[in-house]
Amino acid sequence: MTHVVIIGGGPGGYEAALVAARLGAQVTVVERDGLGGSTVLTDCVPSKTLIATSDLLTEVESSAELGVEVPRDVRADLAAVNDRVLRLALAQSADIAGRLDREGIEVVRGTARLRSAREVEVVETTSDEDASGPSRVVEADAVILATGAHPRVSPDALPDGERILTWEQVYALREIPEHMIVVGSGVTGAEFASAYNGLDAHVTLVSSRDRVLPGEDEDAAELIEDVFRERGMTVMGQSRMASVRREGDQVVVTLTDGREVVGSHCLLALGSIPNTADLGLEDVGVALDDAGFVRVDRVSRTSVPGVYAAGDCTGVLMLASVAAQQGRIAVAHLLGDAVHPLDLQKVSSNIFTSPEIATVGLSQRAIDEAGLHVDVVMLPLATNARAKMQGVRHGFVKLFSRRGMGVVVGGVVVGPRASELIHAVSLAVSASLTVDQVADAFTVYPSMSGSVAEAARSLHPR
Ligand SMILES: Cc1cc2nc3c(=O)[nH]c(=O)nc-3n(C[C@H](O)[C@H](O)[C@H](O)COP(=O)(O)OP(=O)(O)OC[C@H]3O[C@@H](n4cnc5c(N)ncnc54)[C@H](O)[C@@H]3O)c2cc1C
Ligand SMILES: NC(=O)c1ccc[n+]([C@@H]2O[C@H](COP(=O)([O-])OP(=O)(O)OC[C@H]3O[C@@H](n4cnc5c(N)ncnc54)[C@H](O)[C@@H]3O)[C@@H](O)[C@H]2O)c1
């Protein structure tokens with residue numbers, strides 16, 4: 001029986017483990033902190049749970065438009081919110097542990113490193129945090145590295161866990177911050193800025209670029225920046241943080257041009273560093289790129305035969321869904337099952353700001369870079385009957401289709417629950433449907449998804 005040893009119990013690791021067990025392998029997962037990984041314990045699940053409360057408050061705020069009067073001082077109890085966040089994260093982690101257990105997967109709580117391509121050294125975790133536990137070597141026929149990444153900090157902006165925070169530390173807050181300065185306007189920064197704005201904190205978003213969400217669809221990024229400002233957020237473009245320091249109960253963020261921003265708290269959202277140091281990778285010959293990410297091909301192979309890698313430690317589109325897919329592909333490849341190499345042209349993702357920004361398939365930038373001939377339509381949600389009834393003012397549906405054939409190659413939806421609306425576009429991209437096929441499918445009247453069909457109809461090839 002093939003013994004697969006997986007280092008890391010996030011979606012890259014646990015999804016690989018489940019597939020490997022179902023395919024008949026003996027599986028060991030070594031996890032340092034807890035099953036579910038950062039995804040479940042500190043990143044994706046906690047942030048989306050916090051955002052659920054923020055979204056509710058944002059909706060309540062607009063209730064007057066729908067004829068409902070609510071008291072002015074509706075506020076979240078952040079202690080209760082964060083307790084719920086942590087409770088749900090732990091429950092999700094326990095669910096995953098249960099699934100692995102039912103499949104007969106061995107889980108070892110400890111820190112692993114490679115001794116060779118076929119030997120994994122594990123230092124087991126003990127209840128005494130200061131003492132290292134027993135160490136042993138586990139023999140493997142194949143190893144999957146799924147160690148994830150951790151928040152990037154700067155020596156001039158060191159988190160103190162109280163007022164200068166990484167995204168992993170914010171759930172210790174017991175009261176809504178008076179003035180949260182979010183440094184970094186990538187997806188993480190934008191989501192937390194939106195969340196704390198919704199929770200009624202004053203938020204300053206420090207963005208080193210011209211606009212927020214520099215990697216995303218330009219129209220979507222412009223819209224969200226306008227909404228942020230409209231909701232009272234201070235968005236500082238072209239502003240690079242040089243340092244952050246504590247002054248009593250305040251934090252002072254100094255920008256590279258000497259300006260200072262003073263707030264009550266600062267959240268650092270400066271990107272991630274792969275967890276690839278201290279894994280013994282250099283000794284075994286696993287190639288890393290300049291930023292320390294493991295180099296992999298589309299079937300998750302590293303430069304060393306028998307050693308695979310999945311998820312954030314590879315730096316390939318850092319999403320939980322992609323990590324899981326890379327893990328499944330690695331297992332299929334190493335166990336000789338049918339393999340479909342990773343196809344990033346069909347990935348859908350969502351930015352959980354308010355409104356949400358969901359995308360799938362090719363972006364405008366990818367289309368321009370590839371020089372593809374594509375027709376584009378952008379339909380504001382403001383013209384949608386259901387959106388009007390629900391008081392939705394901001395949002396749009398954008399579709400990209402190949403000129404001539406009309407095949408849908410990508411799309412962007414901005415609006416409430418865009419993460420759900422995008423699925424119709426995702427199906428179209430995945431199955432290479434034409435705009436006519438999308439337009440032919442009935443949508444409920446009135447519904448927001450009517451705008452997806454409407455956008456497809458307007459792209460009918462003539
Ligand atoms: C704030 C935030 C919000 C996000 N929200 C979303 C979202 O909504 N949707 C989405 O798709 N993606 C989201 N992401 C991205 C997503 O969290 C990552 O892509 C995902 O966590 C990657 O999974 P992974 O399995 O590679 O790593 P992880 O989930 O980080 O798991 C890796 C695990 O490996 C363990 N480990 C590391 N080294 C060792 C070792 N030597 N020995 C043993 N164990 C080890 C770690 O303890 C960790 O548990 C978000 C990211 C952030 C920062
Ligand atoms: N909803 C989701 O699916 C979700 C949520 C969060 C993160 N993620 C994923 O995680 C990955 C990382 O995203 P991220 O936003 O954490 O990192 P990122 O690297 O995309 O963004 C970090 C930003 O911080 C800026 N920055 C760095 N140093 C700075 C400084 N000194 N001053 C001001 N700005 C500075 C960078 O210019 C960059 O724009 C992405 O691939 C993203 O898709 C996904």
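Colleague: Domain bounds here come from an automatic or database domain assignment. Into which domains is the protein divided?

Modeller: Domain 1 covers 3-150 + 273-344, domain 2 covers 153-270, and domain 3 covers 355-458. This is a predicted model, where local features need pLDDT of at least 70 and side-chain atom pairs count only at pLDDT 80 or more, while totals for chains, interfaces and linings use all residues. Residues are numbered from 1 along each chain as its sequence is written, and chains are lettered from A and ligands numbered from 1 in the order in which they are written.

Colleague: What separates the centres of domain 1 and domain 3?

Modeller: 31 Å, with the centres taken over C-alpha atoms.

Colleague: Ligands next. Which residues are closest to ligand 1?

Modeller: Gly 8, Gly 10, Gly 37, Gly 148 and Gly 311. The shell has 34 residues in total. A residue counts as near if its C-beta atom, placed from the backbone, lies within 6 Å of the molecule.

Colleague: Which elements give two or more residues to that shell around ligand 1?

Modeller: Helix 1 (11-22), helix 2 (37-41), helix 3 (44-61) and helix 8 (320-334), plus strand 2 (26-31) and strand 3 (106-116). Helices (H or I, at least four residues) and strands (E, at least two) are DSSP runs numbered from the N terminus.

Colleague: How does the shell around ligand 1 split by class?

Modeller: 16 polar, 12 nonpolar and 6 charged residues. Ala, Val, Leu, Ile, Met, Phe, Trp, Tyr, Cys and Pro count as nonpolar, Asp, Glu, Lys and Arg as charged, and the others, Gly among them, as polar.

Colleague: And which residues come nearest to ligand 2?

Modeller: Gly 184, Gly 186, Thr 188, Gly 271 and Met 318, out of 23 residues around ligand 2. By class, this shell has 11 nonpolar, 10 polar and 2 charged. Helix 5 gives the most, 4 residues.

Colleague: Which positions does UniProt list for "binding site"?

Modeller: The unreviewed UniProt entry lists Gly 184, Ser 185, Gly 186, Val 187, Thr 188, Gly 189, Ala 190, Glu 191 and Gly 271. They span 88 residues in sequence, yet no two of their C-alpha atoms are more than 13.2 Å apart, so they gather at one spot. UniProt positions follow the numbering used here, feature names are shortened, and annotations may be inferred rather than shown by experiment.

Colleague: Is Ser 185 buried or exposed?

Modeller: Buried, because Ser 185 has 27 C-beta neighbours inside 10 Å. The rule: 20 or more other C-beta atoms within 10 Å is buried, 12 or fewer is exposed, in between is partly exposed, with C-beta atoms placed from the backbone. Ser 185 lies in the loop between strand 9 (179-183) and helix 5 (187-198).

Colleague: Changing topic. Which residues touch the most other members of the largest nonpolar core?

Modeller: Val 4, Ala 17, Ile 144 and Val 182, in a core of 132 residues. Such a core is a set of buried Ala, Val, Leu, Ile, Met, Phe, Trp, Tyr and Cys residues joined through C-beta atoms within 7 Å. Helix 8 gives the largest share, 8 residues.
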